[in-house]
Amino acid sequence: MRLFQSLAVATLLLTPAVVAAQGDPVADAARMNATDLAKNLIAAAQLMPAEKYGFKPTPAEMSFGQLIAHIAGDNHITCSAIVGQTPAPRVKVTAAAGKDKLIAALQASMDECDAALKGLKDAGMGDTVPYYGQKYPRALAAFGLLIDWSDHYAQQAIYLRLNGILPPTARKGSGM
């Protein structure tokens, strides 16, 4: 019985060390996924010709330029939430800004998200943060970002294909 008690105590004492040694596997996985998704979103924006930024598959859909502006704006909101802040006011880019300015805004928003994700820790995933005017767990913002980026990349890929352009992940050597 004494051996069992000693093992139980040792296990309880070592468990925090084991968990700490593992680092932040959930946050690390989110960062890895975000890195790939961000590259694809930017590459897709670069592939679409400037004259096609007004393209809409149907009248009800956003144009390609509106989609890029939307992603940049949403990134600001979501990545502010990941760091636990209410989004600061900023100048919004619109589809009328043109391809170069839209890509610059998209890149700036990806840099903001990269910085936010660098500070992400597993232990803080349950913390409550302001997100779209409500209070939610930080994990909802982090995973919401990845889901949103996946969804928007799929949109970009469809827009590109409808214009005869192969999306980044379908290109030879893309690693996907």
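A nonpolar core is a set of buried Ala, Val, Leu, Ile, Met, Phe, Trp, Tyr and Cys residues joined through side-chain atoms within 4.5 Å. The exercises below concern a predicted model.

**Exercise 1.** Identify the residues of the largest nonpolar core that touch the most other members, and the elements that supply this core.

*Solution.* The core holds 44 residues, of which Tyr 53, Ile 68, Ile 71, Ile 82, Met 110, Leu 120 and Trp 149 touch the most other members. Two or more residues each are given by α2 (25-47), α3, α4, β1 (128-131) and α5 (138-162). The largest share, 10 residues, comes from α5. Tyr 53 can then be examined individually: beyond four places in sequence, its contacts include Phe 64, Ile 68, Leu 102 and Ile 103.

**Exercise 2.** Classify the packing of α3 against α4 and describe the composition of the contact.

*Solution.* The axes of α3 (residues 64-82) and α4 (residues 99-118) lie 9 Å apart, at an angle of about 20°. Angles under 35 degrees count as roughly parallel, so α3 is roughly parallel to α4. Their crossing is left-handed. Among the contact residues are Ile 68, Ile 71 and Ser 80 of α3, together with Leu 102, Met 110 and Glu 112 of α4. By class, the contact comprises 13 nonpolar, 5 polar and 1 charged residues.

**Exercise 3.** Determine whether Ser 80 is buried or exposed, and list its contacts beyond four places in sequence.

*Solution.* Ser 80 belongs to helix α3. Its relative accessible area is 4%; the cut-off for buried is under 20%, so Ser 80 is buried. Outside its sequence neighbours within four places, Ser 80 contacts Asn 75, Gln 85, Thr 86, Pro 87 and Glu 112.

Conventions. Residues numbered from 1 in each chain as written. Predicted model: local features only at pLDDT ≥ 70, side-chain atom pairs only at ≥ 80, totals over all residues. Heavy atoms only, no water. Axes fitted to C-alpha atoms, helices over the stretch in contact; angles between N-to-C directions. Helix = DSSP H or I, 4+ residues; strand = E, 2+ residues; numbered from the N terminus. Parallel < 35°, antiparallel > 145°, perpendicular 65-115°, else oblique. Left-handed = near helix turned anticlockwise from the far one by under 90°. Contact = heavy atoms within 4.5 Å. Nonpolar A, V, L, I, M, F, W, Y, C, P; charged D, E, K, R; others polar. Buried < 20%, exposed > 50% of the residue type's maximum accessible area, 1.4 Å probe, protein only.
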